[in-house]
Amino acid sequence: MSTRIPFLKGHGTENDFVIVPDPENAVELSPAAVAALCDRRAGIGGDGVLHVVRSAAHPEARGMAAEAEWFMDYRNADGSVAEMCGNGVRVFARYLQHAGHTTEGDLAIATRGGVKAVHIAKDGDITVGMGRARLPEGDVTVSVGGRSWPARNVNMGNPHAVAFVDDLADAGDLFSPPPFSPASAYPDGVNVEFVVDRGPRHVALRVHERGSGETRSCGTGACAVAVAAARRDGADPTATGTPVTYTVDLPGGTLVITERPDGEIEMTGSAMIVAEGEIDAKWLETAAG
């Protein structure tokens, strides 16, 4: 490993990431190393790590290399591997543009949740095709303190429990994962969204992201919330043939979510690179233990 490892810092609606460009998959990022990088006091700080690898160079992505040159090897702040991160895909695309690997227009990015279609607009916003939502059957409940709410089970390539509440303060501090039942609904844990209405097809949320705690924004969570809100409001584009769009306010900004009649979901929002530098490989090795 080189003594210096390049990195960048970026965010999408304040969901922030450490970006590690590594086209040939030469940098070993253990869970402990990822956690060290994401530590906000002793490391760089972030909600996760975007490991930028050519699809052909990563064993999990080689099968997607013909469709997408680049693979988003995404890790949560605790070092665990995640299937997808919607805000992360936008920041990943912004990095590719920043580095000269792509320009405005359309591109494809490989993720563990499949290949995602991305559009970089001239105005700077980035739209990501998030795929279709799955709505597993069965009742789910989430709890905070002594209170409980029914939640909608929505899967966006990763699992979500969406609970509609009267006040976002009902979510508590969200430092630790809100308990849910039944345990069989989410055997690998779950992202939990607490949602309030702001107006017609306009909602706001707070989220506990599995492996990261409360974050300023969650792209897949915003999509899950829009789908849950649409079904609650009696709207199903696959049945009516009419697209449905929700504005979703998050602590870090606003995302616009559209569900099309074919079931595909598109998420539009900002993404930016704010810094770049080098990591001391010796520090990382020591910090990772």
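How much space lies in the largest pocket? About 160 Å³. Before I go on, this is a predicted model, where local features need pLDDT of at least 70, side-chain atom pairs count only at pLDDT 80 or more, and totals for chains, interfaces and linings use all residues. Residues are numbered from 1 along each chain as its sequence is written, and side-chain values use heavy atoms, with hydrogens and water left out.

Okay, terms. On a 1 Å grid over the protein atoms alone, a pocket is an open set of points with protein on both sides within 12 Å along at least five of seven lines, a cavity is a set where a 1.4 Å probe fits but cannot get out, and lining residues have an atom within 4 Å of a point. Points are joined across faces, edges and corners, and a volume is the space filled by probe spheres set on them.

Back to that pocket. It has 15 lining residues, with Ala117, Val128, Gly129, Arg260 and Glu266 nearest its centre. β5, β6, β7 and β17 each give two or more residues, and β7 has the largest share, 5 residues. Strands here are DSSP runs of E, at least two residues, and helices are runs of H or I, at least four, numbered from the N terminus.

The largest cavity is about 80 Å³, and among its 14 lining residues, Asn76, Met84, Asn158, Asn191 and Glu209 lie nearest the centre. β4 and α3 each give two or more residues there.

α3 turns up again at the second largest cavity, about 30 Å³, giving 3 residues, the largest share of that lining.
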